Amino acid sequence: MSFQAVSRKIGDKEITIETGKMAKLADGAVVVKCGKSAVLVTACMSKEIPQGIDFFPLTVNYIEKFYAAGKIPGGYIKREGKPSEKEILVSRLIDRPIRPLFPENFYNEVQVIATTLSADQIYSTDILGIIGASAALSVSSIPFLEPAGGVRIVYKDGNYIINPSLLEVDDSQLDLVVAGTRGGLTMVEGGAKEVEKEVLLKALELGQKYINEEIDLIEELVALVKQEKRPVEVPVPLLTDELKKEMKAFGIPLIKNVSTNPNKKERSENVKKAQKVILEKFAITKESESFGEAKKYLEELEIEVIREQIIKEGIRPDGRKTDEIRPISIELDILENVHGSALFTRGQTQSLGIVTLGSSSDVQYIDGLEDDEPRRFMLHYNFPPFCTGEVKKSTMTSRREIGHGHLAWRAIAGVLPDEKDFPYTIRLVSEVLESNGSSSMATVCSSSLSLMATGVPVKKQVAGIAMGLIWDKENSKYKVLSDIQGLEDHFGDMDFKVAGTKDGITAFQMDVKTIGLTKEMMKEALDQAWEGKEFILSKMNAVIEAPRGALSENAPKIKTLKIPETEIGSVIGGGGRVIKKIMAQTEVSISIEDDGKVMISSKDESKIARAVYIVEHIAHGFRKEETAEGTVTRIEDYGVFVELVPGQSALLHRSNFLKKVSPRDAFKIGDVVKVKVLDIDEKRRLAVVETN
């Protein structure tokens, strides 16, 4: 393939896509450039369909190389290792918009790898990954229905900025990544600071304009490359049209009879029984060659029944109306030894939110291309196999868990108190105990409730809801569904998650399985989501509507003080000797920042007070006439040395003893003695007198 390159200004950024220079053995390879950033994206397809596969095995990996920003990785190994949280999140960001754009019955393995080769650290490279994945697939021989584009939009001070800098993202009211085709959006992801619905809708509309411009650029490159697509291998059907017609006539009434049940497990079992009856009727057994195809066809019949009932009758699989929220129950403080907890249950979806508070020494440090500040708020989402009643191998945290946790993190982060007002590190864990749809939004609710129960002074309560869509394109009819369950997500056309406070949206995520969502559909879904969110907030506020006035008795207390920067070394001591001694004596945790900010934490306020006393006296010294208590550490003929605080000793001269006896007769090492400061010389050495 000869070298080809195309360029176009998208917003006010020049984007260039090149192919034919790097990674020429891949089925498709492009380098996407913007400013000083460059991302190589490759696409490869297996020659054969893996045996027994009945799904499309797509893998997307986004990889950041530290050399791209002129950095050497931290730690001992000094090379890139397992994917970071950011790499996983961007991999998902690239995956979601392209996944719906492969043909049906296409089961060859496809792997897309996006590698950051150069990063200017001014603009994020994730959008280049989305554009590059679409371009690499489009110029390859891999079957791919149509190009997609992706764009980041922020809303700041009443203006929309296209593909903003990292600084502009940090300082914005809305941060949105949107991707799609000419026909409509396929993926939306973002966070906001309580923006109005109209701000989000306008951003989505604007996003489509720039997506179309990126698609123009990709199509320009495709026209230069002129690569033919491989035909999709369509297997010869084993079920005849006549047999399918008979199975449908017999099976639809049976499936319809058991398709509505609020209990997920009961419904599933009843549907399986109906399917078994249908298979037996037509003598299709597990040994039959057509068994797999028949099972798949019966699932198609189930989908048809569910979608038709929703479109024509407004009846959902659990019997709810289209805008009805499942029953909600809330319990607080159900765990005795944690700092705070809340159990949020909505239908058959349940999240246990648990709060742990720590000091600044517990913050999370991130080693990445972008200079992230230490993270003082963490939200971790766990999705064990028992929550869906399944047996699965428990391994490392999945991409889905990281993605759902990040979405909930975005929803909550904006309502947390400023660090200067609440100097704690906060870790939230959501244990999903039951899942039948929208566990990430249940996590938002349990997180908000548990923070308030802990006494964290959050600004407002936050709730989340997942919206769905059933769209009959042929007859131009659709239904928007509130609070979707797992079946409606699996068989539906949209999963649109919205979280926010009473005053605005804080996070959102949308994935669609069909192209062409209209602006009216989006508006209706957002309006219905807002109503549902308000209903859920009312249930939450009925249990707790404001943070408790005091922190949980299990939570550590933190005292913050400021010492001169010149005295930081005195408090820490050589090799940390002094600060370790203070913590050992007082049983507190102490962290010191470069500006002299000291944070002392413990569950016992008396221990904090003792540690504060010690730190302040090390940093500022003692005053004349001040009384103190110290420990004898050294005995000489002329007197004894008393350690008043770690690293700060005073001389108690024998002339200042209460009893006029020799020092060795009066004291022994380790004795505690009360003294009063008599004199302080220019080197801050103390002379003291013994006092009662």
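Glutamate 194 counts as partly exposed at 26% relative accessibility, where partly exposed lies between buried, under 20% relative accessible area, and exposed, over 50% (1.4 Å probe, protein chains only). The side chain of glutamate 194 meets that of lysine 460 in a salt bridge (2.9 Å, N to O), a term for a side-chain nitrogen of Lys or Arg within 4 Å of a carboxyl oxygen of Asp or Glu. Glutamate 194 lies in strand β10 (residues 184-195) and lysine 460 in the loop between α9 (439-454) and β16, so the pair ties together parts that are 266 residues apart in sequence. This is a predicted model, in which local features need pLDDT of at least 70 and side-chain atom pairs count only at pLDDT 80 or more, while totals for chains, interfaces and linings use all residues. Residues are numbered from 1 along each chain as its sequence is written, and side-chain values use heavy atoms, with hydrogens and water left out.

**The protein as a whole**

- The secondary structure comes to 15 helices and 27 strands, these being DSSP runs numbered from the N terminus, with at least four residues for helices (H or I) and at least two for strands (E).
- The C-alpha trace spans about 115 × 60 × 55 Å along its principal axes, and buried residues make up 53% of the 692 residues.
- Of the contacts between residues at least 6 apart in sequence, 69% join residues at least 24 apart, a contact meaning heavy atoms within 4.5 Å.
- The accessible surface comes to about 32,400 Å², of which 50% belongs to carbon and sulfur atoms; such areas come from the Shrake-Rupley method with a 1.4 Å probe, and for residues only the protein chains shown count as cover.

**Salt bridges**

- A search of the whole structure finds 51 salt bridges, including one in which the side chains of lysine 13 and aspartate 12 meet (2.6 Å, N to O).
- Within that pair, lysine 13 counts as buried at 9% relative accessibility, whereas aspartate 12 counts as exposed at 52%.
- Aspartate 681 and arginine 685 also meet through their side chains in a salt bridge (2.7 Å, N to O), and aspartate 681 is partly exposed, with a relative accessible area of 23%.
- Salt bridges that share partners join Arg96, Asp126, Arg152, Asp175, Glu189, Arg410 and Asp511 into one network.

**Aspartate 511**

- Aspartate 511 is found in strand β19 (residues 505-512) and is partly exposed, with a relative accessible area of 21%.
- Although aspartate 511 and proline 100 are 411 residues apart in sequence, they are 9.5 Å apart in space, C-alpha to C-alpha.
- Leaving aside residues up to four places away in sequence, aspartate 511 touches Arg96, Thr186, Met187, Asp493, Met494 and Asp495.

**Positive phi angles**

- Most residues other than glycine have a negative phi.
- Glutamine 121, which is not a glycine, has a positive phi of about 60°; glutamine 121 is found in the loop between β6 (110-118) and α2 (126-139).
- Serine 476, likewise not a glycine, has a positive phi of about 55°, and its place is in the loop between β16 (463-472) and β17 (477-482).
- Glutamine 121 counts as partly exposed at 30% relative accessibility, while serine 476 is exposed, with a relative accessible area of 61%.
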